[in-house]
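Please look through the sequence and the structure shown here before reading on. The briefing that follows takes the sheet, the helices and the aromatic rings in turn.

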Amino acid sequence: MQRKAYVSAAAVLLAAVLSGCSGGSGVGGSAPDSKGGDTGTTAAAAQPGKYRTLPEACGAADHDTLDTLLPGIQETTDEAQQEKAYAGEATLTYDTDRRDGCDWKVASAAATDHLFVDFERVVSYDTTVSDEAKAEELYATKQATADLPEPAASSSSSASASGDVTPSPSGSAGGAADGANASGAPSAPSASASRTPADLQPRVLDDLGDEAFLDDKLNTGSSTAQQRTVTVVFRTSNVIVRIEYSEQPTASTDAPDSKEMQDRAQKLAQVLASRLNG
């Protein structure tokens, strides 16, 4: 009986020791973790972008705007075909809150016009880089790829520097200012008259979104018909918008008007910018 009592007492003592060890390891294990969490520093996550969704690209322009950009729509007599022309064709996308685009292509008696609108919402997957900062980086790449020329000087300075305007014997700009030569007869148009004015050259735009640029290219391609494409790209916070507007006249001798096309594309860009901010 004494031996049995001794064993029971030993068992109780062992159980108490094991219980104490288990409790001590639990407390001891949690303390370093808590201490480490208190003293460690975690970098603040970058702010998400201002925009979480995108407008519908095919609904971005109203009928009046499309009538101006695509005159052939008004020449379409079939009502169903006209509605189809207004609707445009949505580009393939897997997430319209990340990217959405739309194409319109309409022929008229004078020319074939093509319009493309693309919205892109930029998301940064780097927690230390904000969506807007990533959009700035992407926009900068697009502008660099466009390879815009250096800002041109004033028209008169450029012409003088290139020798397009030469002093007349009397000291005035011969023929350039008054359209006549020294004998009073009308002067022939100079080569500079057909050049794109400085204010219509590809350039950075100051009054559109957070940053913007415009590109303007005239391409004859494999045929004699001259196609002009005006591209406007602008960024507003973490959204980048691209507008491509091209026109190819029916007559191969005609060239699309640069100023008219640029004005139309910029007006559409202003509408889209307002829609994003609205």
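In this predicted model, the bridge partner of Leu218 in strand E6 is Arg228.

- Strand E5, which covers residues 211–219, runs antiparallel to strand E6, residues 227–236, and nine bridges join the two.
- These strands belong to an open sheet of seven, arranged in the order E1-E2-E3-E7-E6-E5-E4 with antiparallel pairing.
- Strand E1 (89–90) and strand E4 (203–205) stand at the edges and have a single partner strand each, so one side of each is left without a neighbour in the sheet.
- In general, strands of a sheet pair through backbone hydrogen bonds, and the pairing may be either parallel or antiparallel.

**Helices across the sheet**
- Helix H4, made of residues 79–87, lies across E1 and strand E2 (99–107), and its direction is at about 140° to E2.
- Helix H7, made of residues 258–277, lies across strand E3 (111–121), E4, E5, E6 and strand E7 (239–249), running at about 25° to E6.

**The aromatic pair**
- A search of the whole structure finds one aromatic pair, formed by Tyr139 and Phe213, which is tilted, with 5.8 Å centre to centre and 55° between the planes.
- The pair links distant parts of the chain, since Tyr139 lies in helix H5 (residues 131–146) and Phe213 lies in strand E5, 74 residues apart.
- Tyr139 counts as buried because its relative accessibility is 1%, under the cut-off of 20%, and Phe213 counts as buried at 3% relative accessibility.

How values were computed: Residues are numbered from 1 along each chain as its sequence is written. This is a predicted model: local features need pLDDT of at least 70, side-chain atom pairs count only at pLDDT 80 or more; totals for chains, interfaces and linings use all residues. Side-chain values use heavy atoms; hydrogens and water are left out. Two strands pair if DSSP finds at least two bridges between them. Helices (H or I, at least four residues) and strands (E, at least two) are DSSP runs, numbered from the N terminus. Contact means heavy atoms within 4.5 Å. Axes are lines fitted to C-alpha atoms, for helices over the stretch in contact, and angles run from 0 to 180 degrees between N-to-C directions. Rings of Phe, Tyr and Trp (its six-membered ring) pair if their centres lie within 6.5 Å; planes under 30 degrees apart count as stacked, over 60 as edge-to-face and the rest as tilted. Buried means under 20% relative accessible area, exposed over 50%, partly exposed in between (1.4 Å probe, protein chains only).
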